[in-house]
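Walk me through this fold, from its overall build down to single side chains.

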Amino acid sequence: MGLLVLLHFIVGVMGNAAALLLYAAPILTFKRVIAKRSTEEFSCIPYIIALFNCLLYTWYGFPVVSSGWENFLLITINGLGIIFELSFIFIYIWFSSAQNKKIASLMLMLVIAVSSITAFVSSFALHDHYHRKLLVGSVGLVASVGMYGSPLVAVRRVIKTKSVEFMPFYLSFFSCLASSLWLAYGFLGHDLFLAAPNILGSPMGLLQIILYCMYRKHKGDHEKTDNKVDLEKNGVKLGSLDQEDNEKI
């Protein structure tokens, strides 16, 4: 049992390291936003969904929801995630157009409101760890599906253009690695709400790596230098290569 607990902790630390690299990746994008004083066609939605995920799983790790400090590692990495995502969102709002400022601000308030309501209900309306985990974990599962679903846009684009320009390898690799580690962490801790989101995230990361290996030497059929893509969030943006992509987003 002692070895299992140690292994659980080690996997959690490794998951923290991999997740930190993913949270820090958009720094390159926002350096460009600050330099150009414009968000161009980038979307704030992935960062807001990521913030939602971090808020919920930070709360999930506290003893109010979890038993004792069994999920302390969730607090550390998701707490850092909150700082990163809030920073990106505020920079986006500062440099975006009036319309995008309004949309981003409304979505941010909605995420904070839902997270606060979830925390309030789990604290005062529910009186045992099982039901608190059930509530917070269920809402967190929805947020995680949204977060891990965003790479589907990049996957579709890679298949369509036969170019990995929109899907950098290191992001795909660390996405797969982080999801796999947190999947193992959830199973080792017998916590379905930690494992379940990564059942989707891990195969998605692996799919991206496979596609990268398939198309990495292909120049692509529709490469255009005037299309700006947010590589740090797997190509999710308001604008896209064509009208059909816009309709998808």
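The model is predicted: local features need pLDDT of at least 70, side-chain atom pairs count only at pLDDT 80 or more, and totals for chains, interfaces and linings use all residues. Residues are numbered from 1 along each chain as its sequence is written, and side-chain values use heavy atoms, with hydrogens and water left out.

Start with the whole protein. It has ten helices and zero strands. Helices (H or I, at least four residues) and strands (E, at least two) are DSSP runs, numbered from the N terminus. Along the sequence the pattern reads α-α-α-α-α-α-α-α-α-α. Of the 249 residues, 46% are buried. Buried means under 20% relative accessible area, exposed over 50%, and partly exposed in between, with a 1.4 Å probe and protein chains only. Contacts here are heavy atoms within 4.5 Å. Among contacts between residues at least 6 apart in sequence, 77% join residues at least 24 apart.

How do the axes of H6 and H9 cross? Helix H6 (residues 129-149) and helix H9 (residues 192-215) have axes that come within 8 Å and cross at roughly 10 degrees. H6 is therefore roughly parallel to H9. Axes are lines fitted to C-alpha atoms, for helices over the stretch in contact, and angles run from 0 to 180 degrees between N-to-C directions. Angles under 35 degrees count as roughly parallel, over 145 as roughly antiparallel, 65 to 115 as roughly perpendicular, and the rest as oblique.

The H6 side of this contact includes Lys 133, Gly 137, Leu 141 and Tyr 148. The H9 side includes Phe 193, Pro 197, Gly 201 and Met 204. By class, the contact of H6 with H9 has nine nonpolar, five polar and one charged residues. Ala, Val, Leu, Ile, Met, Phe, Trp, Tyr, Cys and Pro count as nonpolar, Asp, Glu, Lys and Arg as charged, and the others, Gly among them, as polar.

The structure holds two. A salt bridge is a side-chain nitrogen of Lys or Arg within 4 Å of a carboxyl oxygen of Asp or Glu. In one, Glu 70 pairs with Lys 133, with the closest N and O atoms 2.9 Å apart. Glu 70 lies in the loop between helix H3 (45-61) and helix H4 (72-95) and Lys 133 in helix H6, so the pair ties together parts 63 residues apart in sequence. Glu 70 is partly exposed, at 35% relative accessible area. Lys 133 counts as buried because its relative accessibility is 17%.

Lys 133 also meets Asp 191 in a salt bridge, at 3.5 Å from N to O. Asp 191 sits in the loop between helix H8 (169-188) and H9, 58 residues from Lys 133. Asp 191 is buried too. Shared partners join Glu 70, Lys 133 and Asp 191 into one network.

Stay on H6 for Val 136. Is this residue buried or exposed? Val 136 is buried, with a relative accessible area of 1%. Val 136 touches Leu 56, Trp 59, Tyr 60, Val 65, Thr 118 and Ser 122, not counting residues up to four places away in sequence. Val 136 and Tyr 60 are 76 residues apart in sequence, yet 6.4 Å apart in space, C-alpha to C-alpha.

End with Ser 115, in helix H5 (residues 98-124). Ser 115 counts as buried, at 11% relative accessibility. Leaving aside neighbours within four places in sequence, Ser 115 is in contact with Phe 52, Leu 55 and Leu 56. A polar atom of the Ser 115 side chain lies 2.8 Å from the backbone oxygen of Val 111.

Methods: A polar contact is a pair of N or O atoms within 3.5 Å; within protein, one must be able to donate a hydrogen and the other to accept it, and residues adjacent in sequence count only if both atoms are side-chain atoms.
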